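Colleague: I have the model open and would like to know what stands behind the terms used for it. Please take me through them one at a time.

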Amino acid sequence: MNAPSAVLGSRDRSVRRDGIDIRGLLFAGFLLLALLFSLAILTVLVGSQVVQGFPVFAERGIDFLTSDLASNPANAGVAQGIVGTALLVVVVAVLAFPVGIMTALYLEEYAGDTALARFININVRNLAGVPSVVYGILGLAVFVTLLAVLGDGDGKTILSGGLTLAVLVLPLVIITSAEAIRAVPDALREAGFGLGGSRWQVIRQLILPAAAPGILTGTVLALSRAIGETAVLILVGAVLGSFSTNGSLGALLTGPYTALPAIVFDWARKPGPAFQADTSAAIIVLLAITILANAMAVVLRNRYERKW
Amino acid sequence: MTLSRNRWLGAVALIALIVLSACSSSANTTAPDSTPGSINVSGSSTVEPISTGVAERYKLANSGFNYKITGPGTGDGFKVFCTGETDISDASRKIKDEEAATCAAAGIEYTELKIAIDGMTVMTSPENSAVTCLSFPDLYALTGPESTGFDNWTDASALAASLGSNTVFPNADLSITGPGEESGTYDSYVELVITPIASKMDPPQESFSRPDYVASGNDNAIITGVAGSPTSLGWVGFAFAQENQDKIKELALAKEPNGTCIVPTEATISDGTYPLSRSLYIYVNNAKAAENPAVTDYVDYYLAEGTISTVLETVPYVNLAADQLAETRATWEAAKP
């Protein structure tokens, strides 16, 4: 007992010279500096966009949100982008969430610790790190071609865009859902089985409700990723330019479409200060929608979260 | 293991159901490739605002008309035009031989219509009284690939002289501001000024400007950059320079060394005497025009009296001279179905 305490004692003395923990203070200072640094970058980025884009809202107000794309920056608006992003989100939610959550359930509750399950797990994790452009090329090669053959216009529609984005966020949904399911204490499972519940009953009535907040958070965060994705949409044919909308839902699903990040990309290339201001305004709209989605995730989690 | 097999069967059935329902739902919303009443235009990002401006105005009077207009670039535009994907291709240059061959191989016949002219202005600071006119060889010496590192006008003297120019450059700092490589204005400048001379150099040089200049995608920033230094040099779209004549000095240009200096004006650009200008075109797919009245009506409206000139009030290009526009109209009248 003597030797270790002597070592500890000497360490103690070296960091607490004169009663002040200099190294500790330095470390905390560095951490604070790192935090301030990233905050400063964020503030500069968001701030510069707000400064540039705010005049557009001040001048045109709601008109910017309800106008279509146009050649004249003074009339151009993001209405088509908001509708496009909303429809894409619906397609992603309908496709990626059920499939992702079911996959996670299978991997966590049914598959067991087999070589195949481990192989799938590793692959899902790798897929989550694949650059989005690669998914874009996949979408172009598979979904656009397939939908064109099936008669959905030229295939460059909301459906192919949404399908590609769904595949892109699928690994994220699977991983976050699996984590949430894994976090459910085994005691709960055992209690369920102990009461004579079947596997399905245990999953439906105990595990899923307990994991729901975590799953919801993960899926909403995956949605925010889909909302901000640009490269994929450019590859699978979101319009970079302008088009007319003729109103009906059928035309929206089979015709040309665009989304907010694609509009930002397109406008940022255009010369002239007026389109630069419009670009910043579109960025603000995109940020607002993403923050809204993230806030929703936080609220949902806080509302349903349980402590074990 | 019967349970497990049932589960697999269930999973397969579920997947089949999803796929089937997805197929049937998309089959229900079938739309033909080229919807009547709608046009699909792609091509030059320079021409895109004109075509879009025309489409927006046409749509005001014809609510059943729909359009999709994109501007990935002239070359990319011809790629999809020659597969029959688009009805009209915007172009900031004439179609290249190999592109025309691709179109011909795909059986696509087209009509070339010249619609407007894009000019560029080379400019310096109003304080720079030593320079009023530059020839293309001078510009090549100052901004071409071999000028990398030149930070005084006189650094370029020897190269300009070797190209036959007698222009005397001032012994002063050279600071260059121009559009970035992503810009169509950059492409045209390189294509018109640098490429013809670079290809004749021995050994032939690459068709690029020097990389060490201040590049900006914002035309206002280019004007500010040129105005900010007393012996600056820069280039920008003609209309932009016109709007800022109080801040910068437009330079006259000569195509040949020691040739006639031409000042950029609407007149000299539209009659083609000003050397730093290029024609803008639209290419119409003849077969699409024949089967889709919207294409024909749109081009009719495009070339109608007053359409292009109205659009060009907000888009910074120059109107064709009256006789050239008349020529374009005659070409279209002869070609249209």
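Modeller: Two strands pair if DSSP finds at least two bridges between them. In chain B of this predicted model, strand β1 (residues 38-43) and strand β3 (residues 88-91) have three bridges in the parallel sense, so they count as a pair by that rule.

Colleague: Which residue of β3(B) stands opposite V41(B)?

Modeller: V41(B) faces I88(B) there.

Colleague: What makes β1(B) and strand β2 (residues 66-70) of chain B a pair?

Modeller: Four bridges join these parallel strands, and the rule asks for at least two, so they pair. Within β2(B), N66(B) is the residue opposite S38(B).

Colleague: Why is β1(B) called largely enclosed?

Modeller: A residue is buried if 20 or more other C-beta atoms lie within 10 Å of its own. Six of the six residues of β1(B) are buried, so the strand is largely enclosed by the rest of the structure.

Colleague: Which residues of β1(B) lie on one side and which on the other?

Modeller: S38(B), N40(B) and S42(B) are on one side, with I39(B), V41(B) and G43(B) on the other. Each of these residues is buried, and both faces of the strand are covered.

Colleague: What kind of unit do β1(B), helix α2 (residues 48-61) of chain B and β2(B) make?

Modeller: They make a β-α-β unit that is right-handed. The word applies if, with the strands pointing away from the viewer, the path from the first strand over the helix to the second runs clockwise.

Colleague: What makes α2(B) largely enclosed?

Modeller: Ten of its 14 residues are buried, so the rest of the structure largely encloses the helix. Among them are E48(B), P49(B), I50(B) and Y58(B).

Colleague: What pairs with strand β6 (residues 175-179) of chain B?

Modeller: Strand β8 (residues 232-237) of chain B is a parallel partner over three bridges, with I176(B) opposite L233(B). Strand β7 (residues 214-216) of chain B is also joined to β6(B) by three bridges and runs parallel; there, T177(B) has V214(B) as its bridge partner. As for cover, four of the five residues of β6(B) are buried.

Colleague: Which domains does chain B have, and how far apart are their centres?

Modeller: The domain assignment gives domain 1 (38-117 + 279-335) and domain 2 (119-277). Eleven residues from domain 1 of chain B and twelve residues from domain 2 of chain B take part in the contact. The C-alpha centres of these two domains lie 30 Å apart.

Colleague: How many helices and strands does chain B have, and what share of its residues is buried?

Modeller: Chain B comes to 14 helices and eleven strands. Of its 337 residues, 44% count as buried.

Colleague: Turning to chain A, why is L233(A) called buried?

Modeller: The cut-off is 20 or more other C-beta atoms within 10 Å. L233(A) has 30, so it is buried. This residue belongs to helix α10 (residues 231-235) of chain A. Beyond its neighbours within four places in sequence, L233(A) is in contact with residues including G161(A), A238(A) and P261(A). V133(A) is 100 residues from L233(A) in sequence, yet their C-alpha atoms are 9.2 Å apart.

Colleague: What makes D278(A) buried?

Modeller: D278(A) has 28 C-beta neighbours inside 10 Å, so it counts as buried. It lies in helix α13 (residues 273-304) of chain A. Leaving out neighbours within four places in sequence, its contacts are V56(A), P73(A), A76(A) and W267(A).

Colleague: Where is the kink in helix α7 (residues 158-182) of chain A?

Modeller: The kink lies at V169(A), shortly before the proline P171(A), and is about 40°. From first C-alpha to last, the 25 residues of α7(A) reach 35 Å, close to the 36 Å expected. The helix is mostly covered, with 23 of its 25 residues buried.

Notes:
Residues numbered from 1 in each chain as written. Chains lettered and ligands numbered in written order. Predicted model: local features only at pLDDT ≥ 70, side-chain atom pairs only at ≥ 80, totals over all residues. Helix = DSSP H or I, 4+ residues; strand = E, 2+ residues; numbered from the N terminus. Buried ≥ 20, exposed ≤ 12 C-beta atoms within 10 Å, placed from the backbone. Contact = placed C-beta atoms within 7 Å. Expected span 1.5 Å × (residues − 1). Bend = angle between axes of the 7 residues up to and from the residue. Domains from an automatic or database assignment.
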